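Have the sequence and the model open side by side.

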Amino acid sequence: MKRWILGTSGIGPLAWIVSASIGLTAQQPTAWPLSIVRIPAPAESNSGEPQLTVSDRGVLLSWLEHSGSETTLRFAERTPTGWTEPRTASSGDDWSVNPIDVPSVLRLADRTLVAEWLQKSGPGMHANEVRLSYSSDEGRTWAPSFTPHRERTHTDRLFPSLFQVPGSGLGLIWLEGPAMMSQTDASEHNHPAGANRPHQPPSGHPEHDGHVGQGAATGSGAMTLRFASFDPAWNQTAEMPIDDRVCECCSTAAVVTSEGVLAAYRNRSDDEIRDIYVSRFAQGQWSEPAVVHADNWRIPACPINGPALSARGRDVAVAWYTMKEEQGHAYLAFSRDAGRTFNPPIRLDDAASLGRVDVEMLPDESALATWIEIADGRSQFRARRVTMDGARSTAVNVAGLAGGRAGGSPRVARHENELVFAWTESSGGAPQVRTAVARLASGVTQ
């Protein structure tokens with residue numbers, strides 16, 4: 001894999017990530033009371049695809065509302081008195097919508113709101129693009145949308161993850177496949193106000209599990225993981241690859257540690273091993289990707305199950321899904337060195353799991369992880385606390401979910417001593433986003 005560098009000077013040697021030992025740890029669960037209380041969600045009926053992001057202002061919830069062919073991205077912020085009145089970030093009738101690959105709205109350090117979603121760029125199955133917009137007035141008005149892609153191709157672009165670049169503006173990673181059609185006229189490039197680099201058009205979104213060995217099947221290359229960044233004036237400052245062969249339709253994750261950005265994703269080896277890898281971004285370059293844990297899961301199709309990340313200083317927690325002996329399980333591993341190395345994995349589920357994990361570091365260096373458990377023939381959104389020495393609390397049921405992909409990806413986020421949960425459930429035959437909260441006990445908030 002090529003190593004790409006921003007700028008021409010001041011770049012140190014590439015940092016290699018060393019995988020941790022391969023043992024699996026799981027101690028007997030211990031009691032840890034967590035009282036989860038449902039609260040009214042700001043989303044109306046026919047809503048879904050929830051996402052949670054966190055800033056120093058608090059937790060921000062975004063979701064999609066559907067009306068006929070129109071899709072609308074809305075958001076609200078958690079306050080001491082409840083959710084704010086919802087506002088609209090964008091809408092359209094040519095969006096690529098999937099309950100696993102969901103849009104998001106993020107608040108940057110300068111208070112700017114940034115929204116991202118997927119839009120179709122052509123008639124083919126594999127023709128999507130990432131669209132971005134921003135608001136400087138609390139979401140009342142939004143800039144014209146633009147893309148982080150410099151090449152104008154009808155290409156499969158999926159699973160973006162937004163993050164604050166330390167000391168700068170917006171960063172994002174996403175999956176990008178080989179071009180499906182010839183390049184279009186470069187004069188059609190569009191870009192945000194103030195941008196000094198050209199961008200490109202929109203794309204379409206198939207059912208992800210149809211991506212079976214996409215690159216090999218088309219002979220036109222593999223799915224890649226890419227990175228782009230923008231400064232506070234919305235000039236694009238970078239676009240580069242991180243890994244040139246990754247799993248075709250598993251979500252990505254990115255967090256900011258005290259030593260730079262850490263990205264996690266599902267890799268794809270030449271012999272179809274699809275384990276979770278990480279790469280670190282510091283001083284303008286991405287480190288050589290390395291495995292979190294050698295699960296050695298060989299599967300000739302995409303499992304539609306990406307990792308989740310959370311960081312607090314140099315401490316990092318990563319959660320993921322894998323299959324062992326024909327049974328799916330969810331795991332978590334900790335790092336004390338900003339993602340360079342990871343401790344042995346800790347199993348999250350009690351019986352079996354569909355994955356769809358999320359994780360939040362807690363103030364006492366433990367983590368709160370969530371996953372979908374398969375119990376008594378039903379899918380349940382569950383949570384439990386895990387400590388760095390492998391101790392696990394008893395699991396708590398947050399909500400029951402629809403089976404399969406219809407249950408989407410439940411989310412959890414933390415601001416100060418409050419945990420916020422979001423998921424989708426059916427109400428009178430129509431999907432609707434639901435939310436709940438829990439307060440951390442005093443011993444966990446220090």
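Start at S47: a polar atom of its side chain lies 2.6 Å from the backbone oxygen of E44. That falls within the definition of a polar contact, a pair of N or O atoms within 3.5 Å where, within protein, one must be able to donate a hydrogen and the other to accept it, and residues adjacent in sequence count only if both atoms are side-chain atoms.

Before going on, bear in mind that this is a predicted model, where local features need pLDDT of at least 70 and side-chain atom pairs count only at pLDDT 80 or more, while totals for chains, interfaces and linings use all residues. Residues are numbered from 1 along each chain as its sequence is written, and side-chain values use heavy atoms, with hydrogens and water left out.

Back to S47, which sits in strand β2 (residues 47-55); helices (H or I, at least four residues) and strands (E, at least two) are DSSP runs, numbered from the N terminus. Is S47 buried or exposed? S47 counts as buried because its relative accessibility is 0%, where buried means under 20% relative accessible area, exposed over 50% and partly exposed in between (1.4 Å probe, protein chains only). Setting aside neighbours within four places in sequence, S47 is in contact with W63, L64, E65, T424, P431, Q432 and V433, contact meaning heavy atoms within 4.5 Å.

Now look at strand β29, which covers residues 430-439 and pairs with β1 in the antiparallel sense over three bridges; two strands pair if DSSP finds at least two bridges between them. V37 has V437 in β29 as its bridge partner. Both strands belong to an open, antiparallel sheet of four, in the order β1-β29-β28-β27. β1 (37-39) and β27 (411-415) each have a single partner strand, so one side of each is left without a neighbour in the sheet.

What about the cysteines? C249 is buried, at 0% relative accessibility, and C250 is buried too, at 2%. The closest cysteine sulfur to that of C250 is in C302, 3.6 Å away, which is too far for a bond, since a disulfide is a pair of cysteine sulfur atoms within 2.5 Å. The structure as a whole holds zero disulfides.

Zooming out, the protein has one helix and 29 strands. Of its 446 residues, 62% are buried. Among contacts with a separation of 6 or more, 59% join residues 24 or more positions apart.
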